[in-house]
Amino acid sequence: MRANNEISKSIDGLLLFLYILLCLAGIVSIFAATYNEGEDIVDSFISFRTDYGKQTIFFLFSLFAGIVILLTDSKFFTATANLWYTAGIFLLLLVFPFHSNIKGTESIIKFGNAFQLQPIQLCIVFANLALAKYMSRIETDFSKLRSQLIAASIVVAPALLAILQKETGLALVYFSFFLVMFREGLPAVVLIIGFSFAILVVATLLMNPNILALILTGIALLAAYFMRRQIKRHKSVLFWIIAIWAICVSIQRFAVPFIFDHVLQPYQVKRIYDTIGKDYIPKDAAALADIVKNTAQKKDAGNYNVKQSKIAIGSGGLLGKGLLKGTQTRYAFVPEQRTDFIFCTIGEGFGFVGSMIFLAMYVVLLFRIVTIAERQRSTFSRCYAYGVASVLFFHIAINLCMTMGLAPVIGIPLPFVSYGGLSLVTFSIMIFILLRLDKDRQMVLR
């Protein structure tokens with residue numbers, strides 16, 4: 001009885017309830033996508049043979065791990081944050097000699113046929129803890145550039161290792177931690193620069209490079225004209241206008257082509273072009289071979305995944321076709337419908353109304369986490385909570401946009417819902433650490 005009271009004391013019930021509800025929704029969705037007629041439902045759930053049976057076991061294991069976390073002293077997470085981060089970087093380095101090439105990524109270590117580990121996914125938790133630890137140090141002055149660069153390096157380092165392992169999708173997740181830094185005082189200009197870079201990349205892909213260069217030049221001239229009074233008083237203003245113009249032109253002329261030719265894989269470039277509605281023409285035989293290879297693996301088939309996903313979601317109508325009654329998802333027209341494209345199973349089975357209820361759970365979850373973050377007395381707990389919210393928001397937004405053809409297909413799972421043991425365990429650990437820290441929200445942890 002005392003142990004039960006210790007676990008339940010000061011636990012945020014709404015957050016825990018939403019977590020369990022989303023996990024159960026995920027199991028039901030995987031069941032709807034993969035159940036074969038004639039199977040014994042009870043046996044298939046309690047066995048380790050079916051995907052929904054495995055996901056159920058992963059969920060139960062996550063709950064067990066959650067209980068252990070809730071019984072752990074909250075100071076343990078601050079004391080060991082840097083150790084976990086170091087272990088995560090070590091695992092990422094261990095990937096290079098021992099990785100297996102699975103579906104185009106080299107970020108997975110395979111242990112026989114039964115178990116595989118993707119350290120870059122687990123390292124998200126470690127990076128969040130390490131960033132919160134650094135931000136909560138007394139000597140950290142986040143108004144100074146040095147502190148900002150150190151915080152950025154904590155999250156960029158694993159992202160760079162992920163890119164080297166051809167796992168661009170999860171690498172992008174780490175950049176969501178910049179929202180945490182923004183909350184703690186990172187200048188808004190940094191985010192503005194980031195969004196401006198994204199807009200410039202899209203413009204570079206959509207427009208003729210010479211025309212875009214002329215447009216950028218025109219914008220610079222207009223800026224100089226409207227700021228002519230400031231320029232008369234401070235010549236440095238003109239210098240900054242010219243410098244920004246030169247940087248933008250250099251990005252569209254050199255940086256973007258370099259990234260698309262030497263950093264991204266050809267099949268990834270093709271997905272980006274598909275998303276913006278342009279045809280991608282491979283520059284050489286090797287690029288064409290990569291696209292053909294990934295098409296054969298059903299990673300990309302002329303944007304087939306997205307087209308089928310949109311058909312499935314649209315066919316659900318207002319109220320949906322019902323559980324196990326969908327045609328697109330029941331007959332496997334949508335590749336990866338139990339993982340990256342799990343939302344189309346929900347859209348087809350439960351329609352617009354069901355999808356809105358499902359998305360409302362995510363919205364309430366994110367708002368609840370932000371509320372929990374703001375009531376923390378400790379900077380460590382607040383930064384960690386915002387890290388959880390940022391990572392979840394990035395996953396949810398990108399996965400849904402990916403499913404509906406509004407973003408490139410980059411292999412981002414839907415939190416708590418997409419099939420995957422490590423994914424579910426990772427998100428669960430993040431939530432339960434947050435619940436544990438929130439129990440001691442009146443404490444100052446460093």
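This passage describes the overall fold of a predicted model and then its aromatic pairs. Local features need pLDDT of at least 70 and side-chain atom pairs count only at pLDDT 80 or more, while totals for chains, interfaces and linings use all residues. Residues are numbered from 1 along each chain as its sequence is written, and side-chain values use heavy atoms, with hydrogens and water left out.

The chain has 19 helices and three strands; these are DSSP runs, with helices being H or I of at least four residues and strands E of at least two, numbered from the N terminus. For 446 residues, a compact globule would have a radius of gyration near 22 Å, and the 24 Å of the chain agrees with this. That radius is taken over C-alpha atoms, and the globule rule is 2.2 Å times the number of residues to the power 0.38. Of the 446 residues, 49% count as buried, where buried means under 20% relative accessible area, exposed over 50% and partly exposed in between (1.4 Å probe, protein chains only).

Turning to the aromatic rings, the count comes to 13 aromatic pairs. Rings of Phe, Tyr and Trp (its six-membered ring) pair if their centres lie within 6.5 Å; planes under 30 degrees apart count as stacked, over 60 as edge-to-face and the rest as tilted. The rings of phenylalanine 31 and tyrosine 52 have centres 5.0 Å apart and planes at 85°, so this pair is edge-to-face. The pair links distant parts of the chain, with phenylalanine 31 in helix α2 (residues 13-34) and tyrosine 52 in helix α4 (residues 51-70). Both phenylalanine 31 and tyrosine 52 are buried.
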